[in-house]
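Please open the structure in your viewer and keep the selection tool at hand. The stops below say what to select next and what is there.

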Amino acid sequence: MPFAGGRAINPAMKSFYVTSPIYYVNDVPHIGHAYTSLACDVLARFMRFDGHRVFFLTGTDEHGQKVAKSAAAAGVDPQAFTDKVSQNFRALLPALGCSNDDFIRTTEKRHAASCQAIWKAMAARKTPKGNDNIYLGAYSGWYAVRDEAYYEESELTTGPDGKKRAPSGAEVEWVEEPSYFFRLSDWGDWLLEWYAKNPDAVGPASRRNEVASFVKQGLQDLSISRTTFDWGIKVPGDEKHVMYVWLDALTNYITAVGYPDVDSERFKIFWPASVHMVGKDIVRFHAVYWPAFLAAAGLEPPRRVYAHGWWTNEGQKISKSLGNVIEPNKLIETYGLDQVRYFLMREVPFGQDGDFSNAAMIRRMNTDLANDLGNLGQRVLSFVAKNAGAAVPSPGAYLDADRALLDKAAAMLSIVRAELAQQGFHKALDAVFAVVADANRYVDAQAPWSLRKTDPARMATVLYALMETLRRVGLLLQAYMPGTMAKLLDQLAVPADKRDAGAWDEALVPGTALPAPQGLFPRHVEAGEGTKK
Ligand code: MSP
């Protein structure tokens, strides 16, 4: 039976389910949104390359007070508003080269059915302490619409303007209304045990510690319905209430794999999710509330939640009001898609905060990409085109220097695999670029241009070792820079069906004709720079 994405089902294949957060449609997409989606895309592409059946989900979070307010401010009804604005997010994905298998909107019918089902499943079951998971009460307390989150008085600060603010800086307002509650207070011990038994469930480790100490302080029951507005999914059996937007939003991760049909093939293959990729600001929702909701509904929690850091722009917090939002489309237009993908995954150790600056972007693209990798490809391939008959050369016996390079290149796959299993995107790149640097030193040391006259057989061996190294570099970098690496692999005449991890040891075939070489990474020249003396 065909599966979404066209892969035939093969039960022996390992599955991998990666999700991005679903984005609030009140905003224009910016670099922060692009970052989370890109990280998911690199993982999805690598896992497909590595023989997994992958499901990569992203989408838009369309209910709740924040979106309702933005719609009202735009003077349109919320459905018309979200229909329009969610398109900006959908359109961003192909522009970023994302290979998502689905795009979910929380206003879709399939999602309402799923939310109502999880609610009923939670309501029908008891907590670990034998109480009902859901009960009716009344909420009175602070709420930040910007975060769509409840806060304790003790968490707030009062600014010079007299306004109370949440730790995120969002203004809070006092809310009093009838509400259903989720008995989160009964789930603390279960959560602590889950973190302890599954040390990989929340990453990086610093976030796991943060979340565990939050839980250790004792959890309050959570208000999971609202009655003072109606832009949401109705609570089954009590339609004056709409579900709290975070319960609605988190549930998207199971809707997309077929919930409530837990016997469906897709659900069985992909749930629990392998990685929920999130920003550090929303780790509590994903690593505390979500596993508790799932367990309360009798479902398995995700295997891993990974929280990345935040980007600033030239040292400043990114915000619409400061007018310094970095639009991904503009970046791509200026620097090129693969350059931007590479920069975002390389510049900042994944998990930490980072700063975007044009200078850093240009440095990376000119140094790592144009000088190191681009130049290596160019030197080797144009030399082969001119001096080795435009075909893959035939190697002779290897010397130690050749073996050292080839062995180090061969070892990259297991390093990259291990790093990406921990979301070490930058470390995986480090390993690959260390081999690129070795290969550049090797060309200089072996000087094939001198061997051309003195020892053509040795020249062929050196060129072959370089091309084999480039092949493996190209294979691994496909996940990060799919377009440019397709070009590199084309130039090495690597057949389309030999571009996955299964073909890692299928070396280039001597004598294969090569197409004309073309540059991979142009240098970025600032306007006016090219004309300076
Ligand atoms: N709708 C919720 C998520 C629900 S998931 C069930 C939400 N949406 S959001 O649009 O506000 O944020 C989406 C993601 O973008 C978050 O992971 C957030 O961390 C990320 N970023 C927003 N600004 C960012 C930066 N400046 N830098 C990096 N990522 C940032 O939260």
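A residue is called buried when its relative accessible area is under 20%. Keep that cut-off in mind while touring this model, which is a predicted one.

**First stop: a salt bridge at Asp102**

Select Asp102, which is buried because its relative accessible area is 15%. Its partner is Arg110, and the side chains of Arg110 and Asp102 meet in a salt bridge, at 3.0 Å from N to O. Arg110, with 31% relative accessibility, counts as partly exposed.

**Second stop: other salt bridges**

Now select Arg48 and Asp101, whose side chains meet in a salt bridge at 3.3 Å from N to O. Arg48 belongs to helix α1 (residues 31-49), while Asp101 sits in the loop between α3 (78-95) and β3 (102-105), so the pair ties together parts that are 53 residues apart in sequence. Asp101 counts as partly exposed, at 25% relative accessibility.

Select Lys126 and Asp132 next, and you will find their side chains joined in a salt bridge at 2.6 Å, N to O. Asp132 is partly exposed, having a relative accessible area of 36%. Then highlight Asp161, Lys163, Arg165 and Glu171 together, since these residues are linked in a network of salt bridges. A search of the whole structure finds 34 salt bridges.

Two packed helices are described by the angle between their axes and the distance between the axes. Select helix α5 (residues 188-197) together with helix α10 (residues 283-296), which pack at an angle of about 105° with their axes 10 Å apart. The two helices, α5 and α10, are therefore roughly perpendicular to each other. To see the contact itself, show the side chains of Trp190, Leu191, Trp194 and Tyr195 on α5, and those of Ala287, Val288, Pro291, Ala292 and Ala295 on α10. Sorted by class, this contact of α5 with α10 has 9 nonpolar residues, with no polar and no charged ones.

Select helix α13 (residues 358-387) and helix α15 (residues 425-446), which pack at an angle of about 50°, their axes being 10 Å apart. That angle makes α13 oblique to α15, and α13 passes α15 in a left-handed crossing. On the α13 side, look for Asp368, Leu369, Asp372, Leu373, Leu376 and Arg379, which meet Phe433, Val436, Ala439, Asn440, Val443 and Asp444 in α15. By class, the contact of α13 with α15 has 7 nonpolar residues, 1 polar residue and 4 charged residues.

Select Asp353, which has its place in the loop between α12 (337-346) and β18 (354-356). Asp353 is partly exposed, with a relative accessible area of 45%. Leaving aside residues up to four places away in sequence, Asp353 touches Lys280, Gly309, Trp310 and Val348. For Trp310, which lies 43 residues from Asp353 along the chain, the C-alpha atoms of the two are separated by 4.7 Å.

**Last stop: Thr461 in helix α17**

Finally, select Thr461, found in helix α17 (residues 456-477). Is Thr461 buried or exposed? At 3% relative accessibility, Thr461 counts as buried. When residues up to four places away in sequence are not counted, Thr461 touches Ser394, Pro395, Gly396, Ala397, Tyr398 and Asp402.

Methods:
Residues are numbered from 1 along each chain as its sequence is written. This is a predicted model: local features need pLDDT of at least 70, side-chain atom pairs count only at pLDDT 80 or more; totals for chains, interfaces and linings use all residues. Side-chain values use heavy atoms; hydrogens and water are left out. Axes are lines fitted to C-alpha atoms, for helices over the stretch in contact, and angles run from 0 to 180 degrees between N-to-C directions. Helices (H or I, at least four residues) and strands (E, at least two) are DSSP runs, numbered from the N terminus. Angles under 35 degrees count as roughly parallel, over 145 as roughly antiparallel, 65 to 115 as roughly perpendicular and the rest as oblique. A crossing is left-handed if the near helix is turned anticlockwise from the far one by less than a right angle, and right-handed if clockwise. Contact means heavy atoms within 4.5 Å. Ala, Val, Leu, Ile, Met, Phe, Trp, Tyr, Cys and Pro count as nonpolar, Asp, Glu, Lys and Arg as charged, and the others, Gly among them, as polar. A salt bridge is a side-chain nitrogen of Lys or Arg within 4 Å of a carboxyl oxygen of Asp or Glu. Buried means under 20% relative accessible area, exposed over 50%, partly exposed in between (1.4 Å probe, protein chains only).
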